[in-house]
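Open the model in your viewer and keep the selection tool ready.

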Amino acid sequence: MGVEEALEFVDNLVFLQTGEHLDKTQRIILRNLWEDEKRTYQHIANSRGYTEAHLKAVGAELWHLLSKVLGAKVSKSTFQGVIQGFRTNQQSQKASQIPNLATNGTKPQDLDSNFVGRDRQIAELHTLFSRGEKVILIQGEGGVGKTRLARKYFKSQKFNFVLELWMATEIQNLTPVESVVEEWLRRYFNEEPGGDFGISLERLRRKLREQTSKIGVFIDNLETALDKNGKFLEYRRPYVELLRVLADSDVHSVTLVTSRERLRESSLEVYLYPLEGLDDEAWREFFSSCHINCDCTILSEMCSAYGGNAKAMQILRGAILTDFSGDIHSYWQENSTDLLIERELKDLVASQFTRLQQIDLEAYRLLCRLGCYRYQDIPSLPIEGVLCLLWDIPEKKRRGVIKALHDLSLIESKKGQYWLHPVIRDEAVSRLRLVGEEWELVNRNAAEFWTKRVAVVKNITDALTALEAYYHYVEISDFDRAGDVILQGRGKKWGTGLPLGSSFYQLGLLQKNFSVIKRIIDNIESPERLIKLYNILGYTYRIIGCIREAIDCYKKSEEILDNLDIKLIKISVLFNTGLCKLDLLEMEAAEDCFISVCKLAEQDSNLDDYMAYAQCCLAFVKSCSDFKEDAFYIAEKAFYAISSSTRVTLWGIGHSLISLCLTYKNLGNIKKSFELCQRAIFSSEENNFTQLKAKAISCLAGLYREQGEFARALFHHAEAIEILDKIGAKSNLAEAYYQLALTHQEMGEIDNSMKNFMQAIALFNEMQAPRQVEKVQIAMDCFEK
């Protein structure tokens, strides 16, 4: 059995047993091990961009799942033989019996009793995509089943993975599309976003064109981003560009968008697919599966009254079972006059809230409190996130309150994760806001939950989870505490506990830093917080080559510092300003900053980390001048300092090693420079510091040029430029092109050299760095001599 046949066979078996297909990571493990059973998790991790620990965890769950499905013990070393044997046995018994894998006589179609009556719609969507439609907008009233239909389509068509975007239900909480594209590129394609949104979109387009696997894109609840005319709100116009990419006829993806309102953007090619309510046959099938005796006349009346609304159907099921012991006749007799045919789903939801308030005040309060969560970047919560809102309920009763909401279909749950349907959340949050004290208390409890949820930021999901607390503090206008979320150090993944904002720029989520800091910075009252936020914002600007904006941030910090005497903050502002001056090649100004940092550090032993950083940079500055002996002396001291200080961060070590590498190169000690460069590359790879790694590789290319090993030099130049271009690190990219031009110049390749010199000049001009431009022009003058 070939690998594709094996994957298809196993996927069908798992789906028949669980109702779910194998996910992307499970398929990667099976494919690699089927092709070569001797492959290790480490080998697969290296080739696919995962960690070994993650693949081992997924593998353990996969073998457990297959053991249940196949009825035999399965492990990494035995799974292939067990599957082959199982298939042979099935064939001998006529494979048509495979559906009987579902135990206790359960039929496959019964695996999802909440999804009924949409077979025709699934088939129609498939036909539309087959004929070339790329983006389909499923439009219908709230609760009609748009989201469930979209999810079912992706699951039934066996997509390898689906990019998801859950739009906020309130305008002020809409996620900037720049952040969405950044996260998609990193999480699903292992691709660095560009500093410019247009570049990031082009990279997404390229990735979607290159893919051979089936990719789905799911954008839910688009209506929040639309105005009354069906056009995108003015400050969310970039979403138009994202949809244009997804509608490209050459991309290998299909996109489903759900919205209560129609999208009326004439420049977009989006197929409108109106979704009506379910018919009474579907309602009858649904209620029968819940063991509610169904009178055809009553069901037809109910279905007609609620327009066949799928969510209404589920809510009614809960009320009938809970409040009327499954007696649909009694329920309709009491409530038929309360809900008229013309009423929208929101009316139904409001009536359910009112009834819940009357019969179960504790469950009602919890439902309203759950409206405080956003369900966007982190679309669901663990049970701890629900329990933390039940502070006034005895611990033994809390899970019962949650179950009451679940039974009424007022809270969604799957695999231990909980969330509110958007329509339910709308009503919950509107009611919660009416009680001012409750609104503030609930948001503070939720913020504390998110804060405790992440101890160490290891990846993008950890960072976004930790940030959720920020949004709760913003909701209650506690901007200082919102700032604390960005500034709080979390664990020691990168040496000492760096602020969350630093984690964002280290992970490459630059747009996230801009959006969250700019939203609150004008409302921050604490000078200390304000300076730290300006520092993070400045560093983020510097990474993307906006040096002048970065310096402006540091100047604002200095203005505030005039009235304070906080050495740690002052030394940070000075050091980062010095880095900006280095990027502009304003060496005298940079030297003054680093000397000032050293003077401050001499006064306090707790600042020895900044002493080490500044000495490394100062040694480099001196090595670029006639003070070679001073440079050597300072470099030796700096190397000892970064090796002995307990406060230096891993990010700081990587940055300092690169500075020392360049210093020793300028001093002519190529051997020492090679050693430091290799250490910098290893440190950056180990900690996923992409920018530092690329900068170190560019240094390595220059060292090979010095030794006349031009082939190696060109290889590493290309490697560095590719990485820096991906992440949009403009300053480092300009320098990398300059170094490449010097190598071609040394090789006598005038045309290639001039081309790369001009590329460097263009980037330095964008950075408004005239001295850097002058440096390049001086190098180019060599051609005329």
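Which residues does Asn443 touch, not counting residues up to four places away in sequence? Select Asn443 and look around it: Cys372, His472, Glu475 and Ile476 are the residues it touches. Bear in mind that this is a predicted model.

Now widen the view. Asn443 lies in helix α20, which covers residues 436-453. Asn443 has a relative accessible area of 0%. It is therefore buried.

**The five-stranded sheet**

Next, colour the strands β1 to β5. They form an open sheet in the order β2-β3-β4-β1-β5, and the pairing is parallel. Find the edge strands: β2 (161-166) and β5 (271-274) each pair on one side only. Look along the sheet for its twist, which averages 20° from one strand to the next.

Strand β4 (residues 253-259) runs parallel to β1, joined by five bridges. Pick out two facing pairs here. Val135 stands opposite Thr255, and Gln139 stands opposite Ser259. Then turn to β5, which also runs parallel to β1, with four bridges joining them. Here Leu137 stands opposite Leu272.

Step out of β1 and select Val144. This residue sits in the loop between β1 and α7 (146-156). Is Val144 buried or exposed? Its relative accessible area is 2%, so Val144 is buried.

Show what surrounds Val144. Leaving aside neighbours within four places in sequence, its contacts are Arg118, Leu275, Glu276, Gly277, Asn309 and Ala310. Val144 and Lys311 are 167 residues apart in sequence, yet 6.2 Å apart in space, C-alpha to C-alpha.

**Another loop, and a positive phi**

Go to Asn221, in the loop between β3 (215-220) and α10 (238-246). Check its backbone: phi is near 65°, a positive value in a residue other than glycine. Asn221 has 7% relative accessibility, so it counts as buried.

Then select helix α11 (residues 280-289). Its buried residues are Ala282, Trp283, Arg284, Phe286 and Phe287. Follow the chain onward to His291, which comes after α11 and has a positive phi near 65°.

**The three-stranded sheet**

Now select β6, β7 and β8. This open sheet has the order β6-β8-β7, with antiparallel pairing. β6 (381-382) and β7 (412-414) stand at the edges with a single partner strand each, so one side of each is left without a neighbour in the sheet. Zoom in on β6 and β8 (residues 417-419): they pair in the antiparallel sense over two bridges. Pro382 stands opposite Gln417 in β8.

Select helix α27, residues 567-583. How many of its 17 residues are buried? The count is 14, and α27 is mostly covered. From first C-alpha to last, α27 reaches 24 Å, close to the 24 Å expected at 1.5 Å a residue.

Leu585 follows α27. It is in the loop between α27 and α28. Its phi is positive, about 65°, although Leu585 is not a glycine. At 23% relative accessibility, Leu585 counts as partly exposed.

For the last stop, show helix α28 (residues 587-602) and helix α29 (residues 608-623) together. They pack at an angle of about 150°, with axes 9 Å apart. The two are therefore roughly antiparallel. The crossing of α28 past α29 is left-handed.

Display the side chains where they meet. From α28, the residues include Met587, Phe594, Ile595 and Cys598. From α29, they include Tyr610, Met611, Leu618 and Phe620.

Conventions
Residues are numbered from 1 along each chain as its sequence is written. This is a predicted model: local features need pLDDT of at least 70, side-chain atom pairs count only at pLDDT 80 or more; totals for chains, interfaces and linings use all residues. Side-chain values use heavy atoms; hydrogens and water are left out. Buried means under 20% relative accessible area, exposed over 50%, partly exposed in between (1.4 Å probe, protein chains only). Contact means heavy atoms within 4.5 Å. The expected span of a helix is 1.5 Å times one less than its number of residues. Two strands pair if DSSP finds at least two bridges between them. Axes are lines fitted to C-alpha atoms, for helices over the stretch in contact, and angles run from 0 to 180 degrees between N-to-C directions. Angles under 35 degrees count as roughly parallel, over 145 as roughly antiparallel, 65 to 115 as roughly perpendicular and the rest as oblique. A crossing is left-handed if the near helix is turned anticlockwise from the far one by less than a right angle, and right-handed if clockwise.
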